[in-house]
Amino acid sequence: NIPVDRDNSSMSVTLHTNMGDLKVELYCDITPKTCENFLALCATGFYNGTKFHRNIKGFMVQGGCPLGTGKGGSSVWGTKLKDEFDPHLKHSGRGILSMANSGPDTNGSQFFFTYAKQSHLNQQNTVFGRVISGWETLDAMEKVPVNFDDVPTQDIMITSVTMHANPIAERDQPE
């Protein structure tokens, strides 16, 4: 069980894709900087029109690269973001939302959803959310054929993002 403070920091977003919607709960109380980065990128429309550029059946689907190649993207601050690991947050099953990186403390804009438990990624990639609805969309994404580099042969795109509540923005509002 993942401890999430639903009264003060529950947050969800819906990623609208060309394959359907994925509604995601974010762990803002446990991974505040990672969630602030993701929410700020969502709020600015950064992810709109981006592709999921890597898709490995039984493993994960990765997106968030503005170039669509897996080689681009930075945090909303223009720098790399430090990892935020918590022993309660694990790659424990299907639909876990985690930051993609190229080593310790190199988080930017790229993220992935797991298709299954991926214990080897625990304490390697920051888990910051999970799918709460749209399982049929995740199923459809996993079935998209890929080339020899795990690049989908048909586009899987984020068309827009709906933010349902933003505790970070609400916290920062003047009284």
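Biologist: Which residues have the most contacts inside the largest nonpolar core?

Modeller: Leu26, Phe38, Phe111 and Phe113, in a core of 28 residues. A nonpolar core here is a set of buried Ala, Val, Leu, Ile, Met, Phe, Trp, Tyr and Cys residues joined through side-chain atoms within 4.5 Å. Buried means under 20% relative accessible area, with a 1.4 Å probe and protein chains only. Keep in mind that this is a predicted model: local features need pLDDT of at least 70, side-chain atom pairs count only at pLDDT 80 or more, and totals for chains, interfaces and linings use all residues. Residues are numbered from 1 along each chain as its sequence is written, and side-chain values use heavy atoms, with hydrogens and water left out.

Biologist: OK, helix α2. Which residues are buried there?

Modeller: Thr137, Leu138, Met141 and Glu142, within a helix spanning 135-142. They sit on the same side of α2, because they cover an arc of only 140 degrees around the axis, taken from the directions from the helix axis to the C-beta atoms.

Biologist: Switching to Val127: buried or exposed?

Modeller: Val127 counts as buried because its relative accessibility is 3%. Val127 is in strand β7.

Biologist: What is Val127 in contact with, leaving aside neighbours within four places in sequence?

Modeller: Tyr27, Thr31, Leu89, Lys90, His91, Ile96, Leu97 and Ser98, where contact means heavy atoms within 4.5 Å. His91 is 36 residues from Val127 along the chain, and their C-alpha atoms are separated by 7.1 Å.

Biologist: Now pockets. Which residues lie nearest the centre of the largest one?

Modeller: Gln62, Ala100, Asn101, Ser102 and Gln110, out of 19 lining residues. On a 1 Å grid over the protein atoms alone, a pocket is an open set of points where a 1.4 Å probe fits, with protein on both sides within 12 Å along at least five of seven lines; lining residues have an atom within 4 Å of a point.

Biologist: How many helices and strands does the protein chain have?

Modeller: Three helices and eight strands, and 48% of the 175 residues count as buried.

Definitions and conventions:
Buried < 20%, exposed > 50% of the residue type's maximum accessible area, 1.4 Å probe, protein only. Helix = DSSP H or I, 4+ residues; strand = E, 2+ residues; numbered from the N terminus.
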